Amino acid sequence: MKEIAIQVRNFSHYYGSHQSLKNLNFDVYRHEILGIIGPAKSGKSTFLACLNRLNDLLPGSRVEGQILVDGQDIYGPEVDVVALRRKIGMVFATPVPLPMSIYENVVYGVRLLGKNNRKELDQIVEDSLEKAGLWNEVKDRLQTSALKLSGGQQQRLCIARILALKPEYILLDEPTSGLDPISTMKIEDSLRMLKKDYTIILVTNNTKQAARVADRTAFFLMGELVEIDDTRVIFTRPSDKRTEGYLEGKFG
């Protein structure tokens, strides 16, 4: 029996009068990679922002319904949003390494939490870079600028920076867009390894990527969840003609 980690119940999101997400209902299982696909402006990235409440930062943003993470309504009045964002880490499409060394990039958030023991930080750096599939490439130049890394390496560094904070969930918003095939492959390999320890939600415009790495796939269209199922089923026997049309490249 699969354990449910996230429950989305009658969830809607609005920017002012515009409804960007419409009455979503589905579950996310623990230690799975859930892929979310769909055309532009279908609500994929908005949903990720709602999951760790980045939408709170936008004027006119409001929600209805519930998102339960480990049984807790993340929009409840007692929720510590800062702690929530540590628990649910976010990786964006464009890597944003800080203008400092590789080492300091990884431990930046950890230092903000008051941890400064060098031995402990060294272990966090090695563990995080190892999990992100970057350790062997940078272990001999940890004090060099992160800005000198390639785009693919910078993205894996951003993943390592999230892992250093010991999240339970990882959200990825088109993490390989603009990357070369080799860098994309390395990130996908890392995701397959990471799902042993984390629950991962991957938004991607690359349907082939979803087919390669996602355990289940959800198809969003115009703010609605059209269907969600095992990835093999979605890509071979979609239950909705709109999903079939999208996979055949007929729109979006």
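A residue counts as buried when its relative accessible area is under 20%, as exposed when over 50%, and as partly exposed in between, using a 1.4 Å probe and protein chains only. Welcome to a predicted model, in which local features need pLDDT of at least 70, side-chain atom pairs count only at pLDDT 80 or more, and totals for chains, interfaces and linings use all residues. Residues are numbered from 1 along each chain as its sequence is written, and side-chain values use heavy atoms, with hydrogens and water left out.

**Overall fold**

- The protein chain has ten helices and ten strands, taken as DSSP runs numbered from the N terminus (helices: H or I, at least four residues; strands: E, at least two).
- Its radius of gyration is 18 Å, close to the 18 Å from the globule rule for 252 residues, so the chain is as compact as a globular protein of that length. Here the radius is taken over C-alpha atoms, and the rule is 2.2 Å times the number of residues to the power 0.38.
- Along the principal axes, the C-alpha atoms fill a box of roughly 55 × 45 × 40 Å.
- Of the contacts (heavy atoms within 4.5 Å) between residues at least 6 apart in sequence, 66% join residues at least 24 apart.

**Salt bridges**

- The structure holds 17 salt bridges, each a side-chain nitrogen of Lys or Arg within 4 Å of a carboxyl oxygen of Asp or Glu.
- Glutamate 188 pairs with arginine 212, with the closest N and O atoms 2.7 Å apart. Glutamate 188 sits in helix H7 and arginine 212 in helix H8 (residues 207-213), so this pair ties together parts 24 residues apart in sequence. Glutamate 188 is buried at 3% relative accessible area, whereas arginine 212 is partly exposed at 41%.
- Arginine 53 bridges to aspartate 56 at 2.8 Å between the closest N and O atoms; arginine 53 is buried at 13%, and aspartate 56 is partly exposed at 34%.
- A network of salt bridges links Glu3, Arg30, Asp70 and Lys87.

**Backbone points to check**

- Most residues other than glycine have a negative phi.
- Aspartate 70 has a positive phi near 55°. Aspartate 70 lies in the loop between strand E4 (61-69) and strand E5 (72-73), and is partly exposed at 34% relative accessibility.
- Glutamate 174 also has a positive phi, about 50°. The loop between strand E7 (169-173) and helix H7 (181-194) holds glutamate 174, which is partly exposed at 21%.
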